[in-house]
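Please look through the sequence and the model shown below before reading on. The paragraphs that follow begin with charged pairs and then turn to the fold, the core and the surface.

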Amino acid sequence: MDNDKEPILNSGDFTIDFQEFSSTVAHETPTFPATESSTEYQFSTEQQLNQSNNLLLQETEVPLQESEDDSRPTSAVWSFEFYKQFFDIDDRKVLHRLLFSFVPTPSSSYLEKLKPLPDFYGPFWVCITLIFSIAISGNLADFFETLGDDKDWEYDFKKVTISATIIFSYVTVIPALLSGLLWWRKSNSALKLVEALSLYGYSLTIFIPISILLCVNYEWLRWLLVLATMATSGSVLALTLWSALSEEPRQITLIVTAVLVAIHVGFILLFKLYFFTTTTKSTSPSS
């Protein structure tokens, strides 16, 4: 029998013949030559993907830039939205501005603390708190003054209205006059009306704890506290005004800064002499 063929099986009418094939079959992967159309298609596809990615990045970068810039939408002056934007502020920013309102920093202006947009929320509550703080502390100072005397002490309610009139007049009229002067001179100063109102409102922050300490019935201590108030808030105000008016001629800057600091000192003296000097009405006790 040959080695190449298997035995032949006969079964009736048919014959099955098994033939051995070679065990080694070449498995080759078909290769196709790269054509110019396939490479151009691949390049155009990658280019389209890059363009779509760039567009997607641009769309996502725009809101991020708007969120980092804390500028508020501008509205008409007579609309509610215009004033609402000055009260929409984070509490941490308000605390930061309160702390630096009586800490002089010659290397930087206080206006930098008010950027990107000044607020009225902090100054409003500073003024409201100071009004009641002065009125209550002034009456307490009068009460301590009458201790040990045979006199009846009466609460002076007029100090609330007088303190409110003086404080709100100071923080609105003086900034308005300053802004009007700069507008009349067509100045390029960075100090606008909004910045000036916020600056003067925050400058009264140190008055709140000082007014409480002035209840102590020692005149020498009161004057030391008044001088400390002049040195702290006056320095912050003077440095800020000097920096803000740097675009003006040096002589104009010096005169305006000196006048505004003098008004601030006069306000502090009025603060001391009226509210923390014995001016209460006293009557003798009835028998």
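D90 forms a salt bridge with R92, and the closest N and O atoms of this pair are 3.0 Å apart, where a salt bridge is a side-chain nitrogen of Lys or Arg within 4 Å of a carboxyl oxygen of Asp or Glu. D90 counts as partly exposed because its relative accessibility is 36%, whereas R92, with a relative accessible area of 67%, is exposed; here buried means under 20% relative accessible area, exposed means over 50%, and partly exposed lies in between, with a 1.4 Å probe and protein chains only. This is a predicted model, in which local features need pLDDT of at least 70 and side-chain atom pairs count only at pLDDT 80 or more, while totals for chains, interfaces and linings use all residues. Residues are numbered from 1 along each chain as its sequence is written, and side-chain values use heavy atoms, with hydrogens and water left out.

By the rule for salt bridges, the count comes to six. One of them joins the side chains of D142 and K159, with 2.7 Å from N to O. This pair links distant parts of the chain, since D142 lies in helix α4 and K159 in helix α5, 17 residues apart; helices (H or I, at least four residues) and strands (E, at least two) are DSSP runs, numbered from the N terminus. Both D142 and K159 are buried. Side chains of opposite charge can pair when their charged atoms come close.

Another salt bridge joins the side chains of R222 and E219, at 3.5 Å from N to O. Both residues lie in helix α8, three residues apart, which is about one turn of the helix. An α-helix has 3.6 residues a turn, so residues three or four places apart point the same way. R222 counts as buried because its relative accessibility is 3%, while E219, at 37% relative accessibility, counts as partly exposed. Salt bridges that share partners join E219, R222 and K272 into one network.

The 26 residues of α9 should span 38 Å at 1.5 Å a residue, and its end C-alpha atoms are 37 Å apart, which agrees; the expected span is 1.5 Å times one less than the number of residues.

What is the secondary structure of the protein chain? It comes to nine helices and two strands, and read along the sequence the pattern is β-β-α-α-α-α-α-α-α-α-α. Of the 287 residues of the chain, 32% count as buried. Among contacts (heavy atoms within 4.5 Å) with a separation of 6 or more, residues 24 or more positions apart account for 74%.

The largest nonpolar core has 43 residues, of which L130, I167, Y170, L191, L204, F207 and L241 touch the most other members; such a core is a set of buried Ala, Val, Leu, Ile, Met, Phe, Trp, Tyr and Cys residues joined through side-chain atoms within 4.5 Å. Helices α4 (121-145), α5 (158-184), α6 (193-202), α7 (207-213), α8 (219-244) and α9 (250-275) each supply at least two residues of this core, and α8 gives the most, with seven residues. Leaving aside residues up to four places away in sequence, Y170 touches P175, Y200, L204, L237, I263, H264 and F267.

F132, I136, L140, F143, F144, L147, Y155 and F157 form a nonpolar patch on the surface, with about 760 Å² of accessible area together. Patches are made of residues with over 30% relative accessible area and no salt bridge, like charges being joined within 9 Å and nonpolar side chains (Val, Leu, Ile, Met, Phe, Trp, Tyr) within 5 Å. Y155 is found in the loop between α4 and α5 and, at 31% relative accessibility, counts as partly exposed. W153 lies in the loop between α4 and α5, and its C-alpha atom is separated by 6.4 Å from that of F143, ten residues apart along the chain.

How values were computed: Accessible areas come from the Shrake-Rupley method with a 1.4 Å probe; for residues, only the protein chains shown count as cover.
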